[in-house]
There are 2 protein chains.
Amino acid sequence: MKIEVMKNILNENEKIAEENRNFFKDKKVFVINLMGSPGSGKTSLLELTLKKLKNEIKMAVIEGDLFTAKDAERIERHNVPVIQINTAGGCHLDAAMIKRAAQNLNLDELDLVIVENVGNLVCPAEFDVGENVKAVVLSITEGDDKPLKYPLIFKESAVAILNKTDILKFTNFNLESAREDLTTIHPNIKIIETSCTNGEGLNEWCEWIKNNLMR
Amino acid sequence: MKIEVMKNILNENEKIAEENRNFFKDKKVFVINLMGSPGSGKTSLLELTLKKLKNEIKMAVIEGDLFTAKDAERIERHNVPVIQINTAGGCHLDAAMIKRAAQNLNLDELDLVIVENVGNLVCPAEFDVGENVKAVVLSITEGDDKPLKYPLIFKESAVAILNKTDILKFTNFNLESAREDLTTIHPNIKIIETSCTNGEGLNEWCEWIKNNLMR
């Protein structure tokens, strides 16, 4: 019964996600679903991305969080439109939430929407929200065993961002082995090493975004 | 419908959890449900705990993981009984999984079972597995905003372990504000600062365990 219900929920979600994707495509808006563990650095990466790109690209953010508006407040300071979604304890965003949120954005005037998902390396990977690409942030402090331990999210993501490289030398994270595991799971995954402290990799990430816009 | 099914699942889980708890109590086995984000350091903490306590306390480990046996292999090296549960992508352990796993342990000869949950700061908090206490590991590299952002898991946990203090100075984690938020969410929570690199706090954590055993 549990499995049957889960299937129905995922099918219904898939339907709305396709509608969202077509809707965003009509509006020529590129949508990134940004995922990762709590504390992997998603919001910090987002803030630096806004700083670097907001004068070139018309962008907005949809912020997913369990209860608070802490992340949305950080984004708002950058004078970029931000829509807060509170899942009230729910462990992921779904397509219906994004559909409602998108109604509050002026998509005709946007090139890019970044959706910051709930901090969770498991559940968000199962729920298509109608994005063009998923991107996953893995902080090197989480350990190089994570790609093999949580394969789905890395399989689903076009980009893997290995974040917090500034403190790499204080950890036992093996970059080479992480890269190997990532490409085993997902041969075409783009891997970008970043640090939101010293700015490493931010240009590469922003270039990647610019090359993928729809107009 | 989704909410109704979720309620039924949680009610059914609660029933089995109570059975587990009574069963463990009859056997005088203390059970800790160890939770935290991916990479917070649960397995490292567990390994040091085994090293420190295995000659004094008869203990076993139940390892929850999505697919791999990577953590169980790390535990096995310490010559402590370990049961692997693979959730096949599932984001948390539930009481039925623990019931099945416990059948493979000789509980008459044990004082302590530590259950390492799936790396996830959201879903495991909702599923009682029949433990005596929940404990949550938060690595300081995750950021001091996490208690307020993921309150349920801290509300449910008797102990919060603030891990990786050895690299505190390379982060902007504010220990005082994290402690304040933790006690706002859960006034009686025991907070222990640990480092699995330099051993800080390990004695305090092991003493706490010893003081809570049932025999």
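Visitor: Buried or exposed: which applies to A:Lys134?

Guide: A:Lys134 counts as buried, because its relative accessibility is 6%. Buried means under 20% relative accessible area, exposed means over 50%, and partly exposed lies in between (1.4 Å probe, protein chains only). The model is predicted: local features need pLDDT of at least 70 and side-chain atom pairs count only at pLDDT 80 or more, while totals for chains, interfaces and linings use all residues. Residues are numbered from 1 along each chain as its sequence is written, chains are lettered from A and ligands numbered from 1 in the order in which they are written, and side-chain values use heavy atoms, leaving out hydrogens and water.

Visitor: Which residue forms a salt bridge with A:Lys134?

Guide: The partner is A:Glu156, with 3.5 Å between the closest N and O atoms. This pair links distant parts of the chain, 22 residues apart: A:Lys134 is in strand 5 (residues 133–139) of chain A and A:Glu156 in helix 6 (residues 151–156) of chain A. A salt bridge here is a side-chain nitrogen of Lys or Arg within 4 Å of a carboxyl oxygen of Asp or Glu. Helices (H or I, at least four residues) and strands (E, at least two) are DSSP runs, numbered from the N terminus.

Visitor: And how accessible is A:Glu156?

Guide: A:Glu156 counts as partly exposed, because its relative accessibility is 38%.

Visitor: How many salt bridges are there over all chains?

Guide: The search of the whole structure finds 32. One of them joins B:Glu19 and B:Lys99, whose closest N and O atoms are 3.4 Å apart. B:Glu19 belongs to helix 1 (residues 2–26) of chain B and B:Lys99 to helix 4 (residues 95–102) of chain B, so the pair ties together parts that are 80 residues apart in sequence. In chain A, salt bridges that share partners join A:Glu18, A:Arg21 and A:Asp128 into one network.

Visitor: Changing topic, how many residues of chain A are in contact with chain B?

Guide: In chain A, 34 residues are in contact with 34 residues of chain B, contact meaning heavy atoms within 4.5 Å. The two chains bury about 2900 Å² between them, 65% of it on carbon and sulfur atoms. Buried area is the accessible area (1.4 Å probe) that two parts lose on being put together, summed over both.

Visitor: How many salt bridges are found across that interface?

Guide: Four salt bridges are found across the interface of chain A and chain B. On the side of chain A that touches chain B, the elements giving two or more residues are helix 1 (2–26), helix 3 (70–76) and helix 5 of chain A.

Visitor: What does A:Lys149 meet in chain B?

Guide: The side chain of A:Lys149 meets B:Asp71 in a salt bridge at 2.6 Å, N to O. That pair crosses between chains, from helix 3 (residues 70–76) of chain B to helix 5 (residues 146–149) of chain A. Both B:Asp71 and A:Lys149 are buried. A:Lys149 also forms a salt bridge with B:Asp65, at 3.7 Å, N to O.

Visitor: B:Asp65 interests me. Where is B:Thr87, which touches B:Asp65?

Guide: B:Thr87 sits in the loop between strand 3 (82–86) and helix 4 of chain B. Not counting residues up to four places away in sequence, B:Thr87 touches several residues, including B:Asp65, B:His92 and B:Val118. B:Thr87 is buried, with a relative accessible area of 10%.
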